[in-house]
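Hi,

Here is the structure I promised to pass on.

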Amino acid sequence: MTRHFAGTLRLEHVGQQIILKGWVQKNRDFGDLIFLDLRDRSGICQVVIDRGRGANDETVNAAKEARGEFVVQIEGTVAARAENVRNAKLPTGDIEVVATSVVILNRADTPPFAIEDDTDAAEELRLQYRYLDLRRQPLTKNLMLRHKITFAIRDYMNRNGFLEIETPILTKSTPEGARDYLVPSRVHKGNFYALPQSPQIFKQLCMVAGLERYFQIARCFRDEDLRRDRQPEFTQVDVEASFIDEEFIYSMIEGLFAEIFPLAGIEVKTPFPRMKWQEAMDRFGIDRPDTRFGMELVDLTSWASDIEFAPFKDAIAAGGSVRAILVSRGASFTRKRVDELTEYAKKLGAGGLMWVKFEGSEPNASFKKFVDAPTLDLLREITRAEPGSLALIVAGKTTMVWDVLANLRLRVAREEGMIPEDRFDFVWVTNFPLFEWDEESQRYFARHHPFTSPASVEDLEDPGKAMARAYDVVLNGIELGGGSIRINRSDVQSKMFAALGISEEDAKKRFGFLLEAFRYGAPPHGGIALGVDRMVMLMARAESLRDVIAFPKTARAQDLMCDAPSEVDEKQLSDLGIAVKMTP
């Protein structure tokens, strides 16, 4: 006899004598006839223990004792179920295993929640007992899919001449962007390592080293506020190559996706559409647009410029804009619904939300006393409004207007069922600004990272207008990855640091080894990093990243199972030369 996985048994196995090992999902005891549903990572199959079909007293007694989550070993023969008792809901529903032996390998306490596909147990409880939660088939299947994807990635990269190279986990803190996780050094008291936010510098040094094509399925760490698609530690496919341009990256990644997404039954059509950053912002208000549905933004600034309405006039006078989205059938929205959307817009930073309902012969507007009928008719033409439509309008600083309308667009689309759930739209977003201005600190930050190549070196003289050789790949409104062609000259890199307000002394202290490396012949190079967790989440049609990570953190960056982070004893702190100071 050989061991089989329970969920793999089919009619072609009928007559085979097999061994199964796993957990009892359910026990149905009818005296001399007992049914056990046996579960392992592959699925569930039904086991029959029947005195009339050869089961002895020892086998029957063991089957009677077996309860949910007991670990058992079954020996028996695969048999076809009678037509009238087949279970179409199970992949193994056409067969059952007639047991000749049942051995209890280990007993189990009653678990704190039912190990079922559809559980109503609170997520906090499931995370506390994650090892039990992972027994549920949806999570098990997600991890099996993740394995298939990472295995296929390695195969694809290998076939295309990339070397898998591990880079350090304990490295130097170079704060620029998200906060680092710091690791104190016992040997060098008062000094700290940082966990890598990305292997960025090391993969560029691999290019300087002449390794030409590098990849790594890398663990990365960022101490930042969490969201549905963020975790403090995450996995990315890190890619870098020498003597290439943007087209090489586009082709490589599209080829990779064309191989891995079909593993989840998702067809990938290449090449992907491309959209410049400015176009994405103007049409969707966001640089990771969900292109599965319309309701695109409409610029009404010119139309609003002659209207004597304070929100419009003030926005335009301050250099801002007036923009709208058009909601089909939105004229039927109740006053309460529009008020809710208005409050949502205000929470996002808008001063208010104006609206126009196109119903009947004369549109109705929230600012109707400031406009005449011809002006509203012109708005109808500009927005191409059909009868029954609703225009939602925001005025103010353009970045705020983009953000508010982008969020309104997604909220309304979800609530109205406008998003086709089983459609997958890829798009490249290109031609990003190199910098973004931060009002609070009154300085420029690198939109991607400080190693991104400008479109031209001269652009660095005017950071506000500088463009980047950067690109993001987006799927259904979620950024799967981003990258760029890198700076490969020390003089250009120094100018980049200067534009970011990093002094020559500080640049040497933080990045001196990289600048030094560039002096010895760094080739033109570029790359991209793809979020494995996000890709698997989308491919598995999961609701959260936590559903595709074996042992995730909560939204507060806690591991409820291990109770981490946790306090450490005074001796450990003393060895590290650390004293803890609690602040309010």
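Glutamine 231 sits in the loop that links strand E10 (213–221) to strand E11 (233–242); helices (H or I, at least four residues) and strands (E, at least two) are DSSP runs, numbered from the N terminus. Glutamine 231 is buried, at 4% relative accessible area, where buried means under 20%, exposed over 50%, and partly exposed in between (1.4 Å probe, protein chains only). A polar atom of the glutamine 231 side chain lies 2.8 Å from the backbone nitrogen of lysine 553. That is a polar contact, i.e. a pair of N or O atoms within 3.5 Å; within protein, one must be able to donate a hydrogen and the other to accept it, and residues adjacent in sequence count only if both atoms are side-chain atoms.

Before you go further: this is a predicted model, in which local features need pLDDT of at least 70 and side-chain atom pairs count only at pLDDT 80 or more, while totals for chains, interfaces and linings use all residues. Residues are numbered from 1 along each chain as its sequence is written, and side-chain values use heavy atoms, with hydrogens and water left out.

Next, the cavities. Searching the whole structure turns up 3 cavities of 30 Å³ or more. A cavity here is a set of points, on a 1 Å grid over the protein atoms alone, where a 1.4 Å probe fits but cannot get out, and lining residues have an atom within 4 Å of a point. Grid points are joined across faces, edges and corners, and the volume is the space filled by probe spheres set on the points. The largest cavity holds about 50 Å³. Its lining consists of Leu127, Arg130, Phe551, Pro552, Thr554, Gln558, Asp559, Leu560 and Met561. Sorted by class, that makes 5 nonpolar, 2 polar and 2 charged residues (Ala, Val, Leu, Ile, Met, Phe, Trp, Tyr, Cys and Pro count as nonpolar, Asp, Glu, Lys and Arg as charged, and the others, Gly among them, as polar).

On to the sheets. E10 and E11 belong to an open sheet of 8 strands with mixed pairing, in the order E7-E10-E11-E23-E22-E21-E18-E12. Its edges are strand E7 (163–164) and strand E12 (274–276), each pairing on one side only; two strands pair if DSSP finds at least two bridges between them. E12 runs parallel to strand E18 (residues 426–430), with 3 bridges joining them, and methionine 275 stands opposite valine 429 in E18.

Strand E6 (residues 95–106) is also worth a look. Strand E4 (residues 43–50) runs parallel to E6 through 2 bridges, with valine 48 partnering valine 98. Strand E5 (residues 71–80) runs antiparallel to E6 through 10 bridges, and there glutamine 73 faces valine 103.

Helix H5 (residues 200–208) has Gln200, Ile201, Lys203, Gln204, Cys206 and Met207 as its buried residues. Among the elements covering them are E10, E11, helix H14 (504–518) and strand E23 (525–531), judged by contact, meaning heavy atoms within 4.5 Å. After H5 comes glycine 210, with a positive phi near 85°.

Most residues other than glycine have a negative phi, and most peptide bonds are trans. Glutamate 212, in the loop between H5 and E10, has a positive phi near 65° and is partly exposed at 39% relative accessibility. Asparagine 476 also has a positive phi, about 50°; this residue lies in the loop between strand E21 (470–475) and strand E22 (478–485) and is buried at 8%.

As for cis peptide bonds, one joins threonine 270 and proline 271, with omega about 0°. Proline 271 is in the loop between helix H6 (246–260) and E12. Alanine 564 and proline 565 are also linked by a cis bond, with omega near 0°, and proline 565 is in the loop between helix H15 (532–539) and helix H16 (570–576).

Last, lysine 368, from the loop between strand E16 (364–365) and helix H11 (373–383). Lysine 368 counts as partly exposed because its relative accessibility is 35%. Leaving aside residues up to four places away in sequence, lysine 368 touches Glu362 and Pro363. Its C-alpha is 8.6 Å from that of valine 356, 12 residues away along the chain.

Cheers

Key. On a 1 Å grid over the protein atoms alone, a cavity is a set of points where a 1.4 Å probe fits but cannot get out, and a pocket is an open set with protein on both sides within 12 Å along at least five of seven lines; lining residues have an atom within 4 Å of a point.
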